[in-house]
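Subject: A structure for you to look at

Hello,

Here is the structure I promised to pass on. Please open it beside this email, and then read on for what turned up.

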Amino acid sequence: MQAAQSAGDDPADAPDLELLARSLSPSRAADFMTCPLLYRFRVIDHLPEPPSPAAARGTLVHAVLERLFDEPAAGRTPAHARQLLGPQWDRMVTEEPDLAGMFDDEQQRAAWFDEAAGMLDRYFTLEDPTRLEPTHREMSVQAMLASGLALRGYIDRLDVARTGEIRIVDYKTGTAPSEYYEARALFQMKFYALALWRADGVLPRMLQLIYLGNGEIMRYEPDEADLVATERKINALWLAIQRARETGDWRPHRSRLCDWCSHQDICPEFGGTPPPLPAEPPADPATAHPATAISVPPPRPCEAVPNTI
Ligand code: SF4
């Protein structure tokens, strides 16, 4: 039984900097689509961003859902998921001590924990984890496109049915998007599907987004034409990023998403001035994990049939 590869499993896997400079993750692709200047601040300038309670709660809930499947099926209960919250939070704070300073007082911290626990409870209304045996969790996926661009990312969960059909699952701690933002949410999933398809030649059967904020599931069955179109879009996006790198023209794009941007004080859209561009742009930090191979671990069949492939 093969476990999913994780970044950093093998210390001999030194980062290939040349490859990193030609790689893109779904998060950074989304950043550029949201606002080229935001992409620059994150990827080129590496500007720090204060920890956000919403993002930290997402990380915590993801960590609990990942660890939940360490338990034998019968132990995957709402009570056990809640028990995992404390230890996972302690681990996060050990790794990133700034997180502890996010709360003004104990009451705020307790309310934040309650929200995370509520999301976990909601998860159990959407899926029955006792009937699932994920093939991979937090799986590193990497693939090289014919254009020379490397796709990289982490898939929350990969289920493989006995029939070999693949389902990519992503947990979201927000609410399901309006129709306007639906395509954006699906882009990330198609990105992963394309990476799997190009790496192993297997077209995933189902893309599934689980929204723990409001208890909705979005499912989509991609076909080859979808993924070919996604590949075209990603290649065009990469060309636009390269153009911005060459010209230094990282234009701000004001939108509702600016409300969540940590860089308003240095953004021209808000009267600020960006810092001078660094001379040597470093590699995309979201993809700066040690590379293992341009492939994904071979899927093994689930021991239990996933609910809904
Ligand atoms: S505030 Fe808005 S326009 Fe400015 S960098 Fe952030 S996302 Fe872009």
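Which residues of helix 2 are buried? They are Pro26, Arg28, Ala29, Asp31 and Phe32. Before going further, please keep in mind that this is a predicted model.

Around helix 2

The buried residues of helix 2 have several packing partners: strand 1 (23–24), helix 3, strand 3 (150–160), helix 7 and helix 8 (224–247).

Let me start with helix 3. Helix 2 covers residues 26–34 and helix 3 covers residues 36–44. Their axes come within 5 Å and cross at roughly 140°, and helix 2 and helix 3 are therefore oblique to each other. On the helix 2 side, the contact is made by Arg28, Asp31, Phe32 and Thr34; on the helix 3 side, by Pro36, Leu38, Tyr39, Arg42 and Val43. Sorted by class, this contact has five nonpolar, one polar and three charged residues.

Now for helix 7, which spans residues 179–200. Here the axes of helix 2 and helix 7 are 10 Å apart, and the packing angle is about 140°. That angle makes helix 2 oblique to helix 7. Helix 2 passes helix 7 in a right-handed crossing. If you zoom in, you will find Pro26, Ala29 and Ala30 of helix 2 meeting Gln188, Phe191 and Tyr192 of helix 7. The contact of helix 2 with helix 7 has five nonpolar residues, one polar residue and no charged residues.

Gln208

Next, have a look at strand 5 (residues 206–211), where Gln208 has its place. Why is Gln208 classed as buried? The reason is that 23 other C-beta atoms lie within 10 Å, and a residue counts as buried at 20 or more. Beyond its neighbours within four places in sequence, Gln208 is in contact with Arg167, Ile168, Val169, Ile217 and Arg219. As for Arg219, Gln208 lies eleven residues from it in sequence and 4.5 Å from it in space, C-alpha to C-alpha.

Happy browsing, and do write back with any questions.

Best wishes

Technical notes: Residues are numbered from 1 along each chain as its sequence is written. This is a predicted model: local features need pLDDT of at least 70, side-chain atom pairs count only at pLDDT 80 or more; totals for chains, interfaces and linings use all residues. Axes are lines fitted to C-alpha atoms, for helices over the stretch in contact, and angles run from 0 to 180 degrees between N-to-C directions. Helices (H or I, at least four residues) and strands (E, at least two) are DSSP runs, numbered from the N terminus. Angles under 35 degrees count as roughly parallel, over 145 as roughly antiparallel, 65 to 115 as roughly perpendicular and the rest as oblique. Two residues are in contact if their C-beta atoms, placed from the backbone, lie within 7 Å. Ala, Val, Leu, Ile, Met, Phe, Trp, Tyr, Cys and Pro count as nonpolar, Asp, Glu, Lys and Arg as charged, and the others, Gly among them, as polar. A crossing is left-handed if the near helix is turned anticlockwise from the far one by less than a right angle, and right-handed if clockwise. A residue is buried if 20 or more other C-beta atoms lie within 10 Å of its own, exposed if 12 or fewer, and partly exposed in between; C-beta atoms are placed from the backbone.
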